[in-house]
Amino acid sequence: MKSLGSIRRSFAPWADPASKPFISVKNVTKRFGDFTAVDDLSLDIYTREFFALLGASGCGKSTLLRMLAGFEQPTSGEIILDGQSLAGIPPYRRPVNMMFQSYALFPHMTVENNIAFGLKQDGMPKADIAARVAQMLKLVKLEKFSQRKPHQLSGGQRQRVALARSLAKRPKVLLLDEPLGALDKKLREETQFELMDLQQELGLTFVVVTHDQEEAMTMADRIAVMSHGKVIQVATPAEIYEAPNSRFVADFIGDVNIFEGAVGGADGGYVRLEGTNGFPIRMASPERPATGGKSAVAVRPEKIRVSRQPPAHAPVNAVQGEIWDIGYLGDMTVFHVRLKDGRVIKASSLNAVRAVEDPLGYDQEVWISFGEDAGVVLKD
Amino acid sequence: MTRVASALFSRLVIIIPYAWLLFFFLIPFFIVFRISLSQTAVAMPPYTPVFDLFGGLSGILEKAREFSFDNYVWLTEDVLYFNAYVSSVIIAAVSTVLTLLIAYPVAYGMAKAPKTIRPTLLMLVILPFWTSFLIRVYAWIAILKPEGLLNQFLMSINVIDQPLIILNTNWAIYIGIVYSYLPFMVLPIYSSLEKMDHTLTEAALDLGCTPFTAFWRVTFPLSLAGVVAGCLLVFIPAVGEFVIPDLLGGSETLMIGKTLWNEFNANRDWPVSSAVATILLLILVLPIVYFQNAQAKADSEGK
């Protein structure tokens with residue numbers, strides 16, 4: 001059976017109608033004056049899930065996270081955690097902890113005291129606190145830094161202290177607000193995998209807010225793509241990438257080429273698009289838009305081939321153009337191919353071998369083509 | 001050339017504050033200290049020895065031999081001075097604590113106020129400085145005296161039937177000092193609270209603190225530098241305060257500023273009053289040194 005993307009683990013409680021969500025956001029709206037930050041939003045998050053809220057800044061993802069933490073109260077709707085409504089429960093009585101974007105480490109306390117802060121507040125016996133702090137320091141590999149103050153640490157170390165502090169109380173849910181936003185690229189990539197391992201090891205539910213799609217794709221079991229206070233699509237990273245439910249999601253995640261046209265006649269499990277300026281498109285699709293209506297097909301650059309000779313299926317799903325730009329990225333090469341009507345199509349190909357005989361160059365006449373299951377027919 | 005000029009400039013920038021301290025603090029202090037080693041005399045100026053700069057070095061040295069610490073010994077012999085110092089420090093300390101108790105909530109409220117109205121609030125705190133200090137202290141006499149505004153008000157709403165005796169007691173001094181020095185406490189505390197990252201409070205709430213414990217474990221410790229600065233800015237001038245105890249305090253109120261005034265003007269004993277001032281300075285230098293250390297520590301904590 002075909003499946004979208006790579007399967008990381010056989011974990012999909014959202015697909016099982018018998019499983020109960022751990023966090024249920026039900027028709028939550030949050031207004032600040034005239035501004036609606038979160039607009040009648042509903043979603044379910046399951047135990048042990050790594051859930052990402054992804055969107056541009058101002059889309060309401062941070063407001064939603066702050067409502068889960070208890071710093072903001074919904075204007076209407078409610079949030080259920082583990083069967084209990086969170087309405088009116090202040091942050092200090094919620095079984096969730098948050099890792100702040102700015103880390104919010106207490107500058108007047110050592111690393112050790114920062115981590116022990118919440119435990120002391122709960123009145124845990126001293127010996128237990130010491131043991132828990134030691135365990136947390138080990139978890140984030142900061143044993144040697146327990147007596148340092150936050151300003152004596154590097155950005156990456158501070159991030160780890162913030163993580164250790166938010167995990168020390170063993171919350172049922174960990175909320176992470178742009179957890180890797182302040183780290184440089186290399187460290188960010190390493191830390192992404194560490195966070196995933198940690199989440200698996202501790203068996204916790206993570207809800208992470210991020211504007212970085214790569215980060216969300218790497219770490220999350222499921223991603224909620226948000227825009228203007230609404231969830232546009234909730235799905236696994238592979239579904240979001242390969243089967244976006246809208247032009248917004250297709251455009252937001254990764255690069256995409258969009259071909260518009262009029263829907264042609266019935267053709268089995270395929271949709272035909274006519275009038276896409278020179279070449280007809282035939283694309284596999286489970287759903288069929290109404291014949292004669294306008295529709296669009298989204299094709300990712302890596303699924304577009306660039307060749308000198310026309311493919312066998314030409315002119316369907318194939319069109320001629322001229323190489324306009326070439327970007328060599330090492331692992332792959334990006335081609336910008338300019339069609340006769342002036343549109344520029346992005347195509348990329350993996351550099352699987354080190355040396356290519358007679359490589360494609362600027363201004364060459366080429367064919368671009370794609371298969372009948374390479375793209376997705378967009379609904380809007 | 002430009003490098004030489006900029007080196008010269010940076011040297012100058014450093015020299016100016018030191019020159020200021022030298023001319024307006026160190027040299028006057030040495031003049032006062034020298035007078036404190038002299039003896040009183042019916043003369044102009046009223047103390048001996050007076051240096052005759054034309055007498056040459058030997059003349060100056062010979063005169064210098066007349067210096068003595070008699071005035072300091074005298075201070076220890078009369079219990080009046082000791083009592084005045086102790087009472088000044090106690091009155092200043094009590095006033096400082098009262099000022100802190102009033103100023104902290106004010107500063108906290110200002111720091112939590114919407115950003116747009118903060119400049120207005122700051123302005124209101126500084127506004128009293130636009131009127132003469134002396135006039136404002138005199139105004140308190142009109143408010144606090146037995147038939148004054150406060151008593152009239154309290155009696156009109158039947159809270160009391162006998163006027164409260166506040167004027168000419170230590171309470172009047174506390175009120176005067178708290179009122180006069182409040183901005184010096186509010187401003188440093190406000191500035192330390194205002195620059196604090198509010199997510200620290202959220203983090204404390206998130207980790208299980210109620211709003212009160214979050215304040216006590218996070219906000220207050222982080223505002224300590226401002227609290228220390230404010231306390232010293234109030235305590236140091238309050239110890240040597242003269243106008244407020246003289247106008248509002250009773251005749252039996254003993255404060256070192258009043259003692260100094262009496263020695264200087266009523267007794268015309270410049271050497272003893274200079275000795276009183278020198279000791280006062282030593283008492284005040286200790287908290288200043290402490291303040292400097294606290295400041296340096298806060299800086300190295302670097303937020």
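Here is a short walk through this predicted model, point by point.

1. **Ground rules.** Residues are numbered from 1 along each chain as its sequence is written, while chains are lettered from A and ligands numbered from 1 in the order in which they are written. Because the model is predicted, local features need pLDDT of at least 70 and side-chain atom pairs count only at pLDDT 80 or more, whereas totals for chains, interfaces and linings use all residues.

2. **Two domains in chain A.** Five residues from domain 1 and six residues from domain 2 of chain A make the contact, where two residues are in contact if their C-beta atoms, placed from the backbone, lie within 7 Å. On the domain 1 side of chain A, the residues that touch domain 2 are three nonpolar, one polar and one charged. Here Ala, Val, Leu, Ile, Met, Phe, Trp, Tyr, Cys and Pro count as nonpolar, Asp, Glu, Lys and Arg as charged, and the others, Gly among them, as polar.

3. **Where the chains meet.** Between the chains, 19 residues of chain A are in contact with 18 residues of chain B. Of the elements, α2(A) gives the most, with three residues. By residue class, this side of chain A holds ten nonpolar, six polar and three charged residues. For the element names, helices (H or I, at least four residues) and strands (E, at least two) are DSSP runs, numbered from the N terminus.

4. **The six-stranded sheet.** In chain A, six strands form an open sheet in the order β6-β7-β8-β3-β9-β10, with mixed pairing; two strands pair if DSSP finds at least two bridges between them. At the edges are β6 and β10 (230-235) of chain A, each pairing on one side only. On average, neighbouring strands of this sheet are turned by 20° against each other, direction ignored. Strand β9 (residues 222-227) of chain A pairs with β10(A) in the antiparallel sense over five bridges. To find that pairing on screen, look for Ala224(A), whose bridge partner in β10(A) is Val234(A).

5. Helix α4 (residues 155-168) of chain A lies across β6 and β7 (173-177) of chain A and runs at about 175° to β6(A). For such angles, axes are lines fitted to C-alpha atoms, for helices over the stretch in contact, and angles run from 0 to 180 degrees between N-to-C directions.

6. **The five-stranded sheet.** A second open sheet of chain A has five strands in the order β15-β19-β16-β17-β18, with antiparallel pairing. Its edge strands are β15 (305-307) and β18 (344-350) of chain A. Neighbouring strands here are turned by 45° against each other on average, direction ignored. Three bridges join β15(A) to strand β19 (residues 365-369) of chain A, and Ser307(A) has Trp367(A) as its bridge partner in β19(A).

7. **A covered helix.** Helix α1 (residues 61-69) of chain A is mostly covered, with nine of its nine residues buried. A residue is buried if 20 or more other C-beta atoms lie within 10 Å of its own, exposed if 12 or fewer, and partly exposed in between, with C-beta atoms placed from the backbone. Among the buried residues of α1(A) are Lys61(A), Arg66(A) and Leu68(A). Just after α1(A), Gly70(A) takes a positive phi of about 100°.

8. Lys141(A) has a phi near 55° and is found in the loop between α3 (126-139) and α4 of chain A. Glu178(A), with a phi near 45°, is found in the loop between β7 and α5 (185-202) of chain A. Are these residues buried or exposed? Lys141(A) is exposed because 12 other C-beta atoms lie within 10 Å, while Glu178(A) is buried because 20 do.

9. **Chain B.** Chain B has 14 helices and two strands. Its radius of gyration, taken over C-alpha atoms, is 25 Å, whereas a compact globule of 303 residues would have one near 19 Å; the globule rule is 2.2 Å times the number of residues to the power 0.38. Of the 303 residues of chain B, 30% count as buried.
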